[in-house]
Amino acid sequence: MKRTQVFVLGALALLPALPLFAQSSSNPFEGMTRFTGTVQAFAGHTLTVSTENGGTTPLELPESLTITKSVPVTIGDLGAGKFVGCTAVEGSDGRLRATECHIFPESMRGRGEGHNPMGPPKTTMTNGSIATMTNGNVEGAKGDGGGALLHVSYQGGAQDILVTDKTQITQVAIGNTSLLKPGVRVNGAARKESDGTARVQFLNIAP
């Protein structure tokens, strides 16, 4: 899986819903545009997606495309040693609070590793291994309930990230085209080629 594909997974849920082929505002995705919608049909290499505004768009799927599937899990599924991607917002106290965390399979370990800014202000994406995880009332001062403090390490650094009951946590698995059935929710990113074809760069089966 390409480095940009790992970052896109975290960014998709973070960004507001956009029409297909609206310009991305984040440099790591320059030249790519995100999409979200429902599978209408899949035949050959063409995926037709019904968008949230009522339109339909054909997308070309490369043979080498890696398809992922996200399944909702809980804080209890996080743990030391797991490779994760956490989108977080820096609070006024300087602490990073996760809006979402994705637990990646072993086959994706090390991909996109690092701590990088996202499009919105004070928002980052951290891909790395959970070195330690402390359970407890990490948000008690604000009355936000229990959660966990993750110490996520990556080559060249580490970040402490707060995960609460407000954080969306998913387990990412490798999927295939057999999952692309009518009615299935998908999100991803595509790049428009010179001939007008929208070629998918990343495709995720939404939970």
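**Exercise 1. State whether Phe83 and Phe104 are buried or exposed, and describe how their rings are paired.**

Solution. Both Phe83 and Phe104 are buried, where buried means under 20% relative accessible area, exposed over 50%, and partly exposed in between (1.4 Å probe, protein chains only). The model is predicted: local features need pLDDT of at least 70 and side-chain atom pairs count only at pLDDT 80 or more, while totals for chains, interfaces and linings use all residues. Residues are numbered from 1 along each chain as its sequence is written, and side-chain values use heavy atoms, with hydrogens and water left out.

Next, take the rings. A search of the whole structure finds 1 aromatic pair. This pair is formed by Phe83 and Phe104, with 6.0 Å centre to centre and 45° between the planes. Rings of Phe, Tyr and Trp (its six-membered ring) pair if their centres lie within 6.5 Å; planes under 30 degrees apart count as stacked, over 60 as edge-to-face and the rest as tilted, so the label here is tilted.

Phe83 belongs to strand β5 (residues 83-90), and Phe104 to the loop between β6 (96-103) and β7 (114-117), 21 residues apart. Strands (E, at least two residues) are DSSP runs, numbered from the N terminus.

**Exercise 2. Find which residues of the largest nonpolar core touch the most other members.**

Solution. A nonpolar core is a set of buried Ala, Val, Leu, Ile, Met, Phe, Trp, Tyr and Cys residues joined through side-chain atoms within 4.5 Å. The largest one has 16 residues, and Leu78, Val84, Leu150, Ile161 and Val163 touch the most other members. Two or more residues come from each of β5, β6, β9 (147-154) and β10 (157-164). With 4 residues, β6 gives the most.

**Exercise 3. Compare the exposure of the two partners in the salt bridge of Asp93 and Arg97.**

Solution. A salt bridge is a side-chain nitrogen of Lys or Arg within 4 Å of a carboxyl oxygen of Asp or Glu. The whole structure holds 3 salt bridges. In one of them, Asp93 and Arg97 meet at 2.9 Å, N to O. Asp93 has a relative accessible area of 43% and is therefore partly exposed. Arg97 has 17% and is therefore buried.
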